[in-house]
Amino acid sequence: MPKPAIFLDRDGTLIEERHYLSEPAQVSIFPGAIEALSQLSQAGYALVIVTNQSGIGRGLFTEDQLAIVHRHLEKSLADGGVSLDGIYHCPHAPDQACECRKPLPGLVRRACDDLGLDPARSWVIGDKPADVALGMNVGARPILVLTGYGESSRTAPEVAAASAHIAEDLPSATRFILDSH
Ligand SMILES: [Zn+2]
């Protein structure tokens, strides 16, 4: 049976927002985030990062550099007992007209096919209007977190259109998800 998932934005949601982050040393996981992911995993959710990385399409860093950053992130999470089910990224710049740049559903569709996930029982958590719109576009429930760009996103039309839940941060979003069971 398809599994529910947490489709999790990376920058500003799981880790501190940095302008075109490209080095492992720039990765700073938010306080409480590892514990939150551990709770979600124990509750039966697959954990999948979905992230727009247009720095690749813009020529600011390479796929190899991104892979090094993600290996570092996965190791840091594993040290806290959390293993991700997948990391899916869109490498394209906005003008490349791809089908995977959030809020388009490409990354989530790919993850659902690869991992056997059920978007209708899943959540999308992120700090930008595109994350909330992604939730709507794939039929999952969106949560806007107020970390990263969250404060400036909360008045965006997407947030109202989706009736998105607004949470202080990832641990708070996690409590909301687990309380809604
Ligand atoms: Zn793309």
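E2, H2 and helix H5 (129-138) each put at least two residues into the lining of the largest pocket; helices (H or I, at least four residues) and strands (E, at least two) are DSSP runs numbered from the N terminus. The model is a predicted one, so to speak of local features takes pLDDT of at least 70 and side-chain atom pairs count only at pLDDT 80 or more, while totals for chains, interfaces and linings use all residues. Residues are numbered from 1 along each chain as its sequence is written, and side-chain values use heavy atoms, with hydrogens and water left out.

The largest pocket holds about 430 Å³ of space. A pocket here is an open set of points on a 1 Å grid over the protein atoms alone, where a 1.4 Å probe fits and protein lies on both sides within 12 Å along at least five of seven lines; lining residues have an atom within 4 Å of a point. Of its 21 lining residues, Asp11, Glu17, Asn52, Ser54 and Lys128 sit nearest the centre.

Now for H3. Leu66, Val69, His70, Leu73, Ser76 and Leu77 of H3 are buried (under 20% relative accessible area, 1.4 Å probe, protein chains only; exposed is over 50%). They cover an arc of only 120° around the axis, so they fall on the same side of H3, the arc being that of the directions from the helix axis to the C-beta atoms. Facing away from that buried side are the exposed Asp64, Arg71, Lys75 and Asp79.

Conventions: Grid points are joined across faces, edges and corners, and a volume is the space filled by probe spheres set on the points.
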